[in-house]
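Subject: Structure handover

Hello,

Here is the structure for you to work with. My notes on it come after the coordinates.

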Amino acid sequence: MSIALFSGRIYTAVDELPAAEAVLIEKNTIVAVGTNSEIKKKCTRGTQQIDLAGKFVAPGFTDAHTHVWSMGRRLSMVDLRGLTSLAACQEAIARSADKASPGQWIIGRNWNQNIWDNGQEPNRQDLDRVTPNNPAVMIRICGHASWVNSRALELAGVTADTPEPQGGKIEREPGTQIPSGIIRETRQLVEYLLPEPSPEMKKQAFLKCQTLFFQNGITCVHSFETLEEYKIIKEIERSGKLKLRVYHSLPPEDLELFDKWEKTTTPQSDLLWHGHTKLFADGSLGARSACLHGPYLDTNGDRGIACLTPDQMQQDIEHSYSMGRSVIVHAIGDRAVTETLNAIEEARKKYPGPKRDRIEHIQLCCLEDLVRMGQMDIAASVQPMAIQTDRDVAERIWGDHRCGRAYAWKTMADQGLRLIFSSDAPIEPINPMAAIQTAVTRKSFNEPDGQSWHSEQCLSVETALKGYFEHAGWASGKEALFGSIQPGKRADLTILSRDPRSVAADKIKDIAVEMTIVDGEIVFLGL
Ligand SMILES: [Zn+2]
Ligand SMILES: [Zn+2]
């Protein structure tokens, strides 16, 4: 089976290679890239020839930070994203509660009090009002806090006497110490009660997500979930339905189990493979649990939450290195980044040798830590769409001065860091074009004529595009196979209606995905 694409604007994603017009694919591999006439000569009678009429061809996009199962599960939850008042959220929750059977959990997601008219965090009574009998848990947009009702607290046995959990916080009513209904970080205090979906439900959810990724031009995802999810994706691969490339990383508690289990199954492949251990250094901006050097401006000197002590973090990293895995560390606040670098530095002394470590999010960072990241060759894996969600709240609770070094992607690129883009789905929408527009303009979609937020950090379209190709392959150990359009690479391609480099910056997000190809197979065809 061979396919030739002609008359495209082919973006190879390699600076040294010229732009091209045509690509020839044999089976799952790119075999030639060049002008129309060069490729024409190489076609045989069986070659499927497609005229792209000037459309833009990029390597398949990698979304290097996703939680595929959470994304799939969310498809069946009450979605509170974008609702601008508590009342609007209550209304949406009430609609779901009305349909629920007795005892059924009402699960929702994506509330964000920072966009509510009153800006106040909700409490259990707000939820009791619309779902007094069914237990309910509403996960904040960042995933780092949940809002639960009285019934949920009662079932979970979380009371005034429950001690403060390590690495988290139960907000309490003043005086009585009764939980107020907000739990930070340690969501498991209540969520351990949520009914576990069957493997079949998980499979179906994964397949729905796979379709969504293809519709958005994404051919590869890095998924941060557990051994359990890996097993399910493995089954999907065995059934022949896995078409999306999935690079899986694991939580530290699964490493031994994983190695044991893997001996009993077929080897990893170029479609489904694994590496890295995922660790958490802190919480999130919006939940005020990102760990900072200085205080949040709207608290009494609070500096966020470190999920691990420095010793624990170092131990977890050493454990990971000892199992042959590099680390991926979630670190949002500047202090979390500093602590992470300290821990990695120490752990590497014990376990020297090449590493492909990455830090995720890096929403606030000291310049000297970015320099250290460069020296230590640690990738910066960031989510451009976070600006859409976080800009106003970051200004408010970190202050304009600190925000000068927030989401500092231009500085990262200038420091020569391996800059990798992703969605953190389901935290942010997965459309790479929306993310690229955000990285280029640093403007809210709601205010296209507004000011760029710290415009000195705006990226060129070229640099933003590279965030999806250049280092994502390296981060998953497969740079030899993916990330550019070159002979010998796998035939993963995304075809867009327009070249993002030649449309107005505020129109990039409107560019449509026309075709997605993985391993030489067309997996999505737009209208
Ligand atoms: Zn994270
Ligand atoms: Zn994440």
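This is a predicted model: local features need pLDDT of at least 70, side-chain atom pairs count only at pLDDT 80 or more; totals for chains, interfaces and linings use all residues.

Residues are numbered from 1 along each chain as its sequence is written, chains are lettered from A and ligands numbered from 1 in the order in which they are written, and side-chain values use heavy atoms, with hydrogens and water left out.

Metal site

The zinc ion (ligand 1) has His330 (ND1) and His361 (NE2) as its protein donors, at 2.0 to 2.1 Å. Donors here are N, O and S atoms within 2.8 Å of the metal (3.2 Å for Na, K and Ca); water is not among the atoms, so sites may look incomplete. This pair links distant parts of the chain, with histidine 330 in strand β17 (residues 327-331) and histidine 361 in strand β18 (residues 358-361), 31 residues apart. Strands (E, at least two residues) and helices (H or I, at least four) are DSSP runs, numbered from the N terminus.

Histidine 67, in the loop between β7 (61-66) and α2 (68-74), and aspartate 424, in the loop between β20 (419-421) and α15 (432-441), are 357 residues apart. Histidine 67 and aspartate 424 are buried. The two zinc ions, ligand 1 and ligand 2, are 3.4 Å apart.

Sheet

Eight strands make an open sheet with parallel pairing, in the order β7-β14-β15-β16-β17-β18-β19-β20. β7 and β20 stand at the edges with a single partner strand each, so one side of each has no neighbour in the sheet. On average, neighbouring strands of this sheet are turned by 25 degrees against each other, direction ignored. Two strands count as paired if DSSP finds at least two bridges between them; β18 and strand β19 (residues 379-382) run parallel and are joined by three. Glutamate 360 has serine 381 in β19 as its bridge partner.

Helix α10 (residues 310-322) lies across β16 (272-280) and β17, at about 155 degrees to β17. Axes are lines fitted to C-alpha atoms, for helices over the stretch in contact (heavy atoms within 4.5 Å), and angles run from 0 to 180 degrees between N-to-C directions.

Domains

The domain assignment, whose bounds come from an automatic or database source, gives domain 1 (2-54), domain 2 (63-67 + 200-521) and domain 3 (81-140 + 145-184). The C-alpha centres of domain 1 and domain 3 lie 54 Å apart.

Two local regions

In strand β1 (residues 2-6), five of five residues are buried. β1 pairs over four bridges with strand β3 (residues 22-26) in the antiparallel sense, and over four bridges with strand β5 (residues 48-51) in the parallel sense. Serine 2 stands opposite glutamate 26 in β3, and isoleucine 3 has glutamine 48 in β5 as its bridge partner.

Leucine 86, in helix α3 (residues 86-99), is buried at a relative accessible area of 15%. Not counting residues up to four places away in sequence, leucine 86 touches Trp116, Pro122, Asp126 and Trp147.

Regards

Conventions:
Buried means under 20% relative accessible area, exposed over 50%, partly exposed in between (1.4 Å probe, protein chains only).
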